[in-house]
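Hi,

Here is the structure I promised to pass on. Have a look at it first, and then read my notes below.

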Amino acid sequence: MTARHVIAAGIRRGNGEGLMASVAEGLSGLGEDVLVVGPPDRSPLMARASALGLPVHTLASAHPAQYALDLLRWRRANPDGVLWCEGTLPALATAGMQRRVLAFDTAAPGPLKSVRRAAARARALATIVPSAADAGRLRDAHVLAPSVPALELVRHGRGAGPLRIGFMGPVSERDGVLVLADTLRELRRWAPEGYRLRITGPTRYADARERVVVEGRLRSLGALVQSVHSMPADEFLGSVDLLVCPAVSPRGFCFPAVTAMASGVPVVVSDAGSLPEAVGPDHPWVARAGDPGHLAEVITAAAAALPAYDAVAAARRRWEAAYSPEAGRKALTTLLEDLGLGPAGSGAGEPAAAAGA
């Protein structure tokens with residue numbers, strides 16, 4: 001089973017809309033021959049590839065250690081094509097092999113992660129990350145922003161009711177849910193009936209303590225908070241007036257923020273990690289990470305500006321230039337050319353000499 005590009009899926013929880021899913025779709029859109037290899041379950045990338053109609057090859061085990069061994073054996077038996085590794089596990093499993101491109105959704109700091117990534121990057125052609133903020137923490141990494149499609153929103157009329165603040169993403173401390181809950185308390189003091197919070201997304205609690213704290217804090221807000229869990233993004237964004245992305249520490253590429261930009265929904269972000277980069281230097285609504293009082297001020301300013309036609313239009317232009325499918329294809333083409341891979345049928349089918357770690 002051969003292909004010009006072989007994508008090795010990682011094992012992780014998520015919604016499958018990560019950097020490598022964007023690469024797989026982009027390569028296919030460029031007419032490249034793509035095969036996705038992965039575990040029998042627990043892989044959002046495998047599910048995304050199947051939905052796109054891409055060929056997939058399923059290995060036997062979903063247990064991380066056995067999957068790594070299965071992947072190594074499969075690659076040794078199928079050495080053709082450039083291997084794109086989604087995350088640390090496939091990269092470590094194939095460490096030292098040539099003809100590899102490694103993709104990390106975020107370059108989070110930490111000595112153990114740094115050592116593992118250094119080992120994984122041995123003899124790789126390149127490492128790609130989704131933002132310049134991540135590239136600043138990972139030496140010699142290439143920035144390749146994921147492409148994000150615009151949504152046709154299912155609009156929900158709001159009448160004269162309270163402002164509907166939306167949170168879309170993992171429900172966790174790291175993603176700012178506690179900060180947002182405290183912000184809502186501040187807003188309630190200023191305007192008791194002026195705001196409501198709608199939340200959708202998976203729970204990502206690190207432990208039982210975090211679960212108790214987050215669920216208790218949201219429950220204490222009573223009717224001010226509505227959890228809609230697995231509501232589709234087009235319906236959810238159509239049901240809010242303002243999306244808030246209040247992460248308190250560096251996180252992966254923020255798909256909710258960029259999806260809102262693409263789809264005409266005003267967005268407030270914190271200044272954590274790559275979020276300011278996503279919205280651009282001229283975005284008017286950026287709050288200090290972990291500061292509920294400042295976030296309340298920024299949300300109030302955004303609410304006063306609604307419908308904020310100029311800011312929404314500027315955000316849409318930034319999406320078109322940096323994160324639209326067209327921009328993604330151009331960036332991916334440039335990366336292929338820089339690596340000496342070239343487009344399919346161009347005659348530049350062999351990769352350039354492998355770069356060191």
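Let's start in the sheet: how many of the 6 residues of strand S9 (residues 195-200) are buried? Before the answer, please keep in mind that this is a predicted model. The count is 5 of the 6, so S9 is largely enclosed by the rest of the structure.

Strand S8 (residues 163-168) runs parallel to S9, and 6 bridges join the two. If you want a pair to click on, Arg 164 has Arg 196 in S9 as its bridge partner. Strand S10 (residues 225-229) also pairs with S9 in the parallel sense, this time over 4 bridges. There, Arg 198 stands opposite Gln 226 in S10. To get from S9 to S10 the chain goes through helix H8 (residues 208-219), and that β-α-β crossover is right-handed. S8, helix H7 (residues 177-190) and S9 make a right-handed β-α-β unit too.

Next, a cysteine. Cys 245 is found in strand S11, and with a relative accessible area of 6% this residue is buried. Leaving aside neighbours within four places in sequence, Cys 245 is in contact with several residues, among them Cys 254, Pro 256, Val 268 and Leu 275. Leu 275 is 30 residues away from Cys 245 in sequence, yet the two C-alpha atoms are 8.3 Å apart in space.

On the aromatic side, a search of the whole structure finds 2 pairs. The rings of Phe 253 and Phe 255 have their centres 4.9 Å apart and their planes at 75°, so this pair is edge-to-face. Phe 253 counts as buried at 9% relative accessibility, and Phe 255 does at 13%. Ring pairs link Phe 253, Phe 255 and Tyr 323 into a cluster.

Finally, the charges: the count comes to 14 salt bridges. Here are the ones I'd look up:

- Arg 209 and Glu 173 form a salt bridge, with their closest N and O atoms 2.6 Å apart. This pair links distant parts of the chain, since Arg 209 is in helix H8 and Glu 173 is in the loop between S8 and H7, 36 residues apart. Arg 209 is partly exposed at 45% relative accessibility, and Glu 173 is partly exposed at 24%.
- Glu 215 and Arg 211 form another, with the closest N and O atoms 3.7 Å apart. Being 4 residues apart in helix H8, they are separated by about one helical turn.
- Glu 326 and Lys 330 form a salt bridge with the closest N and O atoms 3.6 Å apart. Both lie in helix H14 (residues 325-338). Glu 326 is partly exposed at 49% relative accessible area, whereas Lys 330 is exposed at 54%.

Salt bridges with shared partners also join Asp 182, Arg 185 and Arg 217 into one network.

Cheers

Definitions and conventions. Residues numbered from 1 in each chain as written. Predicted model: local features only at pLDDT ≥ 70, side-chain atom pairs only at ≥ 80, totals over all residues. Heavy atoms only, no water. Buried < 20%, exposed > 50% of the residue type's maximum accessible area, 1.4 Å probe, protein only. Pairing = 2+ DSSP bridges. Right-handed = clockwise from strand over helix to strand, strands pointing away. Phe/Tyr/Trp six-rings, centres within 6.5 Å; stacked < 30°, edge-to-face > 60°. Contact = heavy atoms within 4.5 Å. Salt bridge = Lys/Arg side-chain N within 4 Å of Asp/Glu carboxyl O.
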